[in-house]
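Thanks for coming. I will go through one structure today, part by part, and you can follow along on the screen.

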Amino acid sequence: MNPVRLIARLDIKGENLIKGIQLEGLRVIGNPQEYATGYYNDGIDELIFMDTVASLYGRNNLARIVEYTSENIFVPLTVGGGIRSLADVEEMLRAGADKVAINTAAINNPKLISEVAKTFGAQCMVLSIEAKARGKGEWEVYTDNGRERSGKSVVQWAKQVAEMGAGEILLTSVDCEGTRRGFDVALVKAVTDAVSVPVIASGGMGKVQHLVEVVQQGKASAVAMADILHYRRAALPDIRTEADKAGIKIRMPEREN
Amino acid sequence: MAGKVTIVDYGVGNLRSVARAFEYVGADVEVTSDAQKIIQAERLVLPGVGAFGHCMQELQKRQLIEAILQFAESGRPFLGICVGMQIMLSIGEEFGEHKGLGLIAGRVQNLSLRKNWIATSSTTPRNDDKIILPVIGWMNLKKTRDWQGTIFNNITEGSSVYFVHSFAAKPDDVTLQLAHYEYDGMNITAAVSKNNLTGLQFHPEKSGLVGINMLKGWGFGIRDSGLGIRD
């Protein structure tokens, strides 16, 4: 087994870190910089910032948050929400992001995926999929932060974007998001079976056992955590120790002397 | 780290995080696409992301290849990062064959061809035999040869650093491989070094404290230890 990445996902609205349930009912948590710094000091493997409003106003804030973070935090940084063009990608990379996550704009214009991959490298093109179940073993792609239906099948779309040059897939279950009842393991398994790019499972982690399930059964390459970290339901070092005990291979970061 | 570090700016990727990491360890950072400044640098860093051929093309376009080769010959510390490391080799196989800088004889090959990356480890490949690529994540560095006097002088074997790549360097002379990691039963080059030249496949600027400590030590160990090489 290859090491699994532990990622903190920070949903942003304006200048605040927020958290919702099924991407709705957003609550303000605090200052994203402070939380990001805390996770870095605790040895997080990566950070994802998602702008949930994706307005121009929100984006200016987002660029500022990214700039500050990248000056002081030396782990990879993914930024998503409202990225619609090569120029938007460039702006975020220049602010200090290493990768961008694109969902809505890729649905509207799939060519954007190969354009981003070709211009900036596949390593920086994270395709974000918001999935909702529509029957057993069948999921539909949603856009606009879980608000709009696209009519597309998640598995088909995942195959298509991997072929078009997406370097990894951020797979969020809208149904499980914020519920703390565990990941949609069947969804993650269906996508990891269909593609050979890394898949980040997002949405539903309430305890370490959920991580173990989505890695062992779902074959996720990485796990995005939000609620469990932001509300301090578990501390990162404890999550790591527990996952390690359960046989999940993870990074053991060095401590500051 | 006192002293100056010159980073080659050739329109490929975001140099800000590399520059910031060197600033963080106290270096005086210069980012330039000026051939004279490159030739005269105290220490030179060649970053790079995207495709091998594209990086070479961009260097060519800015007429920087000669300057970089001249610097490399000076004996002063040279550091290639990610694709900046890959183009140190003679040939890259990404999207057809492309000529590299040829500072280290060898090829840059696709990780999807498992046979190229001989498995000598105990890691068990996934049973469905699918290789997840690109490699994205934190891998443990293993010694291919002694690290004394190299960029890993102060690094403990087994430390994890952040990789993202689908191709990797294969030097003809295996003793130029400084470190490797194991992935899905394959042994993949993590670092190469030869005299004053060091190449890192991973991103030290994105590898937390381990990466920072490497950059802090880089350039001193190499000079102080009388080049620390075997070839």
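Start with helix α6 of chain B: the elements that cover its buried residues include α1 (16-24) and β10 (160-165) of chain B. The helix itself runs over residues 208-217, and its buried residues are B:Gly208, B:Val210, B:Gly211, B:Asn213, B:Met214 and B:Leu215.

Before going further, a caution: this is a predicted model. The predictor gives the complex an ipTM of 0.94 and a pTM of 0.93. For chain B, the average pLDDT is 90, and 89% of the residues score at least 70. The stretch to treat with care is residues 221-231 of chain B, where the pLDDT is below 50. That stretch still has 25 contacts in the model beyond near neighbours in sequence.

Now chain B as a whole. It has seven helices and 14 strands. There are 231 residues in the chain, and 52% of them count as buried. If you take the contacts in chain B with a separation of 6 or more, 71% of them are between residues 24 or more positions apart.

Next, one sheet in chain B. In what order do the strands of the four-stranded open sheet come? The order is β6-β5-β7-β11, and the pairing is mixed. The strands at the edges are β6 (98-99) and β11 (167-171), and each has a single partner strand, so one side of each is left without a neighbour in the sheet. Look at the β6 end. Strand β5 of chain B, residues 89-92, pairs with β6(B) in the antiparallel sense, over two bridges. B:Ile91 has B:Lys99 in β6(B) as its bridge partner.

Two loops in chain B deserve a stop. One lies between β7 (104-110) and β8 (135-140) and holds B:Pro134. The peptide bond from B:Leu133 to B:Pro134 is cis, with omega near -5°. The other loop, between β12 (177-183) and β13 (186-194), holds B:Asp184. B:Asp184 is not a glycine, yet its phi is positive, at about 50°. Is B:Asp184 buried or exposed? It counts as buried, because it has 22 C-beta neighbours inside 10 Å, and the cut-off for buried is 20 or more.

Let us move to chain A, and to strand β5, residues 77-80. A:Leu77 and A:Val79 point one way from this strand, A:Thr78 and A:Gly80 point the other way, and all are buried. Which strands pair with β5(A)? One is β4 of chain A, residues 46-51, which pairs with β5(A) in the parallel sense over four bridges. There, A:Met50 stands opposite A:Gly80. Another is β6 of chain A, residues 99-102, also paired with β5(A) in the parallel sense, over three bridges. Here the bridge partner of A:Thr78 is A:Lys99. Together, β5(A), α3(A) and β6(A) make a right-handed β-α-β unit.

Helix α1 of chain A covers residues 32-41, and A:Pro32, A:Ala36 and A:Tyr39 in this helix are buried. Why do they sit on the same side of α1(A)? They cover an arc of only 65° around the axis, which puts them there.

Just after this helix, A:Gly43 takes a positive phi of about 90°. A:Asp42 is found in the loop between α1 and β4 of chain A. With 17 other C-beta atoms within 10 Å, A:Asp42 is partly exposed. Leaving out residues up to four places away in sequence, A:Asp42 touches A:Ala235, A:Leu236 and A:Pro237. Its C-alpha atom is separated by 10 Å from that of A:Asp238, which is 196 residues apart from A:Asp42 along the chain.

A:Arg232 lies in the loop between α9 (227-230) and α10 (236-245) of chain A. A:Arg232 is not a glycine, but has a positive phi of about 55°. A:Arg232 counts as exposed, because it has 8 C-beta neighbours inside 10 Å, and the cut-off for exposed is 12 or fewer.

Last, where the chains meet. How many residues does each chain give to the contact? Chain A gives 27 and chain B gives 30. On the chain A side, the elements that give two or more residues are α2 (56-72) and α3 (86-95). By class, that side has ten nonpolar, eight polar and nine charged residues.

Key. Residues numbered from 1 in each chain as written. Chains lettered and ligands numbered in written order. Predicted model: local features only at pLDDT ≥ 70, side-chain atom pairs only at ≥ 80, totals over all residues. Contact = placed C-beta atoms within 7 Å. Nonpolar A, V, L, I, M, F, W, Y, C, P; charged D, E, K, R; others polar. Pairing = 2+ DSSP bridges. pLDDT = per-residue confidence, 0-100. Right-handed = clockwise from strand over helix to strand, strands pointing away. Arc of directions from axis to C-beta.
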